[in-house]
Amino acid sequence: MKTQTRVGAGLLMGLILGVMLSVSFGVVADRKEAAQAVPLEELRAFTDVYMRIKRNYVDEVEDSDLLQNAIRGMVSGLDPHSTFLSSDEFSELQIGTQGEFGGLGLEVGMEDGFVKVISPIDDTPASRAGMQAGDLIIRLDDTPVKGMTLNEAVNKMRGPRGSDITLTVVREGREAPFEVEITRDTIRVQSVRSEMLEPGFGYLRVTTFQSRTAQMLVEEARKLQKESGGLKGLVLDLRNNPGGILNGAVGVSDAFLNDGLIVYTEGRVKDSQFRYTASPGDVLNGAPMVVLVNAGSASASEIVAGALQDHERAIIMGSSTFGKGSVQTILPLEKGQALKLTTARYYTPAGRSIQADGIEPDIKLEQITLAESGEPSVRPITEAQLNRHLRGADRDAEDEDRVEARESLAQRDYQLYEALNMLKGLDILQARR
C-alpha cells in the first residue's frame, strides 16, 4: 500500500511539474496568452498534503474524491457564489431556471459556515412556514450545518415530496435559536402574477427571473391595461425576489423603458463585458410606477430597480436591497459537470456598482403592521360603521366597498398600501397640471 501511495504521489507530482513546465515555456492552448509565473512552492505544498492524506488518514480515500474535494475547496474559497457543480447539481440548476424543482422554496447562500436565507420564494413551503430573508440555518434535522458545503446543505434540504425536515434557525431580534418544521413539496414557481388594486391601479409581482419572465410580465401588464381601460399607475413588486436569469431582468426593464442603457458588466476578460440597451416601447405608455424592494431583493431584481431608478422611470420604495452585483457564468466541464464562476460585476446605467452596496430606495419604508406604525389596534367607531346608518348623499355602496378594501390592504401589506397611495398622489398631481 505504501509503495502504491508513493507511486501515485510521484505520478501526481510529475503531472503537476509537467503542467508547470508547459506553462513556464508558454506551451499553452491559447498562444496569445503570455506565460504566467507558476506558484511552484504552493504546488509542492499541495502535493505534500495529498501524500500525507493518502499515507496517514484514518480511512483509505479514493484519488478521485481527494481531487474533487480539492477542486470544490479551490472554487468555494473565491466567493459565496462560485461553485463546482456535479452532473446532478448541474442538471438541477438547468431545471430550476425553467421554474420547477424539488425542495423547500428557499434561495440560500453561505455566511460564516452557516446557510443564510437570501429569500423565501412566494407560495412555497418555506414562505408558508414563516422563513425570512436574513435567517441563518445552523442545523438540518440533527445535523449541524457547520462544516458542510453549500451544495451538501442544499442536497440535505431536498427530498421526496411530503417528507419533513426541521430547520434550526437564528434570526436577528430573537434571543435564542428556534426550530421550524417544513414539509417538502415540488416547487413550481409562477414567476409573474398580477391583480387590480383599485380601478386604474395595477399590481405586478415578479417572484424570480426565469427564461419566460419578461414575456409573461408583458402579457400580464397588457391584461391589466385592457381590464382598466388604461392604467393610471402600477406597483412592481420585487420584494424577496432572489434574482435568476440576466436576460429576464433585461427584458423586464426593457418593458418599461423606451431607450437607453439597462445594465453593463465589467470583468477581466473581454467575453465577460456586455452592455444591454432598451428597445422602443413602454408597456405602460408612461404611466407612473412604484417598485417595491427589500433586503431579499437580489441580483436580477437589483438590475431592474437600478435601471428604472437611474432613468427616473419609477420611484423605488422599501428597504435597501441585498447587494449581489456579481455575474456568474456556467462553464460546462467533462462528464456533465460544470463550473459556476464569478466572471464580472453589474453596473447600473449611471455607473453604480451593485456589489455589496445594493440599491438604496428613494423612499425608505420598513414592512410593519398598522399597530406597530402607531395606529391604534382598535379603530374608533364612526357613523359609517353603525348598523342601518344613512348613506351619504354622494356615497354609494361601491365607494364603501373600496374603502373597506383599502383598509384590508393596509392590514395585509402596509408597504403595498403606501405604494398605492403614492401612485394615487402622482395621478392627482398630474391631473391638476
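Is Glu-41 buried or exposed? Glu-41 is exposed, with a relative accessible area of 52%. The model described here is predicted.

## Salt bridges within elements and near the surface

The structure holds 16 salt bridges. One of them joins Glu-41 to Arg-44, with the closest N and O atoms 3.2 Å apart. Because Glu-41 and Arg-44 are three residues apart in helix α2 (residues 40-56), about one helical turn separates them. Arg-44 is partly exposed, at a relative accessible area of 40%.

Another salt bridge is formed by Glu-360 and Lys-364, whose closest N and O atoms are 3.3 Å apart. Glu-360 counts as partly exposed at 38% relative accessibility. Lys-364 is exposed, with a relative accessible area of 59%.

## A network of salt bridges

Salt bridges that share partners join Asp-122, Arg-205, Asp-237, Arg-239 and Asp-413 into one network.

## The six-stranded sheet

Strands β11 and β12 also belong to an open sheet of six strands. The order of the sheet is β10-β11-β12-β15-β16-β19, and the pairing is mixed. Its edge strands are β10 (192-198) and β19 (363-364), each of which pairs on one side only.

Further into the order, strand β15 (residues 289-293) pairs with strand β16 (residues 315-318) in the parallel sense, over four bridges. Val-290 stands opposite Ile-315 in β16. The loop between β14 (275-277) and β15 contains Asn-285. Phi of Asn-285 is near 55°, a positive value in a residue other than glycine. Most residues other than glycine have a negative phi. Asn-285 is exposed, with a relative accessible area of 69%.

## Strands β7 and β8

Strands β7 and β8 pair in the antiparallel sense over six bridges. Thr-168 lies in strand β7 (residues 164-170) and stands opposite Glu-179 in β8. Thr-168 is buried, with a relative accessible area of 10%, whereas Glu-179 is exposed, at 61%. The C-alpha atom of Thr-168 is separated by 5.7 Å from that of Ile-138, although the two residues are 30 apart along the chain.

Strand β8 covers residues 178-183. Phe-178, Val-180 and Ile-182 make up its covered face, while Glu-179, Glu-181 and Thr-183 make up the uncovered one.

## A negative surface patch

Which residues form the negative surface patch? They are Asp-141, Asp-142, Asp-164, Glu-179 and Glu-181. Of these, Glu-179 and Glu-181 lie on the uncovered face of β8.

Asp-141, another member of the patch, lies in the loop between β5 (136-140) and β6 (143-144). Asp-141 counts as partly exposed, at 30% relative accessibility. Phi of Asp-141 is near 55°, which is a positive value in a residue other than glycine.

Terms used
Residues are numbered from 1 along each chain as its sequence is written. This is a predicted model: local features need pLDDT of at least 70, side-chain atom pairs count only at pLDDT 80 or more; totals for chains, interfaces and linings use all residues. Side-chain values use heavy atoms; hydrogens and water are left out. Patches are made of residues with over 30% relative accessible area and no salt bridge: like charges are joined within 9 Å, nonpolar side chains (Val, Leu, Ile, Met, Phe, Trp, Tyr) within 5 Å. Accessible areas come from the Shrake-Rupley method with a 1.4 Å probe; for residues, only the protein chains shown count as cover. A salt bridge is a side-chain nitrogen of Lys or Arg within 4 Å of a carboxyl oxygen of Asp or Glu. Lys and Arg count as positive and Asp and Glu as negative; His and the chain ends are not counted. The place of a charge is taken as NZ of Lys, CZ of Arg, CG of Asp or CD of Glu. Helices (H or I, at least four residues) and strands (E, at least two) are DSSP runs, numbered from the N terminus. Buried means under 20% relative accessible area, exposed over 50%, partly exposed in between (1.4 Å probe, protein chains only). Two strands pair if DSSP finds at least two bridges between them.
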